[in-house]
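The sequence and structure are shown first.

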Amino acid sequence: MLACRSPEAFKVGVTVPLPKTVGAVGPEEHRLITIGPMLCRLFHRVVGHRAERSLPLGPRQKAFCEGHGLVDNVWILRAIIDDSRARHRPLCITFVDVWKAFDTVSHESIVLAAQWIGFLPSLVAYIRCLYAGGVTQIRVGHLLGSCIRPRRGVRQGDPLSHLFFCAVMDWVLSQLDKRLGLELQSSKVIVCSIQSVTTL
C-alpha cells in the first residue's frame with residue numbers, strides 16, 4: 001500500500017470452466033470462474049474490512065452490507081406502495097437490472113468511482129495498478145492457455161470486488177435527479193429516495 005502498487009503475482013489469475021449441467025460440452029454450457037492467489041485474497045480481505053467502515057455509501061445502498069439490507073428495502077417499497085394506494089396517488093417505480101454488471105463495469109469506472117467515493121489516494125493508485133496489468137489464463141485439465149488481459153469487470157472472488165461494485169453503483173445513483181423519488185415522514189417510516197427502489 002505504501003508503494004501504491006500491487007505485487008505482480010497479485011495480478012495473475014487462473015480461469016476454470018465449470019460445467020453448468022452434466023455432460024456439458026460447448027463453451028456456452030460452462031461457467032467461467034477466475035481464481036486469484038490466496039495471499040492476494042487474504043490481503044484484500046483485511047483491506048476490505050478496514051475500508052468498509054469508512055465508506056460513505058448512500059443510506060439506501062444495501063448491497064453486500066451487513067444487516068437486513070434487502071429486507072429493509074422490500075419493507076420500504078411495500079410501505080411506499082401501500083401509502084400511494086391509501087392516498088390514491090400515482091406511483092412510478094423503476095427497477096434497474098444489473099444482470100452481468102459485475103462482468104461489464106469498466107476498469108476506468110472502478111478507479112474513478114473509488115476516487116469519487118473517497119478511497120485513500122494510495123488505495124486508488126493500488127487499484128489502478130492492480131487492474132491495469134491484470135491477466136488470466138484459462139485452464140482445461142492440466143493445460144494452461146495463453147495470457148488474456150481482461151478490459152472490464154471486477155475480479156471474481158476478490159474480497160474488494162463488492163466494494164468497487166458498490167462504489168460504481170453509488171456513483172451512478174448519485175447522478176439521478178434529486179427531485180425524483182418519494183419522501184415519507186421520518187416519524188412514520190423512513191426517508192426514502194429513488195435509490196431505495198433501484199438498489200433492490
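## Helix α5 and its cover

In this predicted model, the buried residues of helix α5 are L123, V124, Y126, I127, C129, L130 and Y131. The elements that cover these buried residues include α1 (38-52), α4 (107-117) and α6 (161-174).

Helix α5 comprises 12 residues, 121-132.

## H44 and L160

Helix α1 contains H44. The relative accessibility of H44 is 0%, and H44 is therefore classed as buried, the cut-off being under 20%. When neighbours within four places in sequence are left aside, the contacts of H44 are F10, Y126, L130, D158, P159 and L160. Two of the residues named here, Y126 and L130, also belong to the buried set of α5.

L160 is located in the loop between β4 (143-148) and α6. With a relative accessibility of 2%, L160 likewise counts as buried. Although L160 and H44 are separated by 116 residues in sequence, their C-alpha atoms are 5.9 Å apart in space. Beyond its neighbours within four places in sequence, L160 is in contact with H44, V47 and G48.

## F119 in the loop between α4 and α5

F119 occupies the loop that runs between α4 and α5. Its relative accessible area is 8%, so F119 is buried. Setting aside neighbours within four places in sequence, F119 is in contact with A51, L55, A114, V124, I127 and F164. F119 and L55 lie 64 residues apart in sequence, with a C-alpha to C-alpha distance of 7.7 Å.

## Aromatic pairs

Which two values describe a pair of aromatic rings? The description uses the distance of the centres and the angle of the planes. With ring centres required to lie within 6.5 Å, the model has four aromatic pairs. One of them joins F10 and F43: the ring centres are 6.2 Å apart and the planes stand at 40 degrees, so this pair is tilted. F10 lies in the segment before β1 (12-19) and F43 in helix α1, so the pair ties together parts that are 33 residues apart in sequence. F10 is buried, with a relative accessible area of 8%, whereas F43 is partly exposed at 28% relative accessibility.

Another pair is formed by Y131 and F164, whose ring centres are 6.0 Å apart and whose planes are at 70 degrees, so the pair is edge-to-face. Y131 belongs to helix α5 and F164 to helix α6, and the pair therefore links parts that are 33 residues apart in sequence. Y131 is buried at 6% relative accessibility, and F164 is buried with a relative accessible area of 2%. Ring pairs also link F10, F43 and Y126 into a cluster.

## A nonpolar surface patch

Which residues form a nonpolar patch on the surface? The patch consists of L91, I93 and F95, which together have about 270 Å² of accessible area. I93 is placed in the loop between α2 (69-87) and α3 (101-104). At 31% relative accessibility, I93 counts as partly exposed.

Conventions
Residues numbered from 1 in each chain as written. Predicted model: local features only at pLDDT ≥ 70, side-chain atom pairs only at ≥ 80, totals over all residues. Heavy atoms only, no water. Patch = residues over 30% accessible without salt bridge, like charges linked within 9 Å, V, L, I, M, F, W, Y side chains within 5 Å. Areas by Shrake-Rupley, 256 points an atom, 1.4 Å probe, with all protein chains shown as cover. Salt bridge = Lys/Arg side-chain N within 4 Å of Asp/Glu carboxyl O. Helix = DSSP H or I, 4+ residues; strand = E, 2+ residues; numbered from the N terminus. Buried < 20%, exposed > 50% of the residue type's maximum accessible area, 1.4 Å probe, protein only. Expected span 1.5 Å × (residues − 1). Contact = heavy atoms within 4.5 Å. Phe/Tyr/Trp six-rings, centres within 6.5 Å; stacked < 30°, edge-to-face > 60°.
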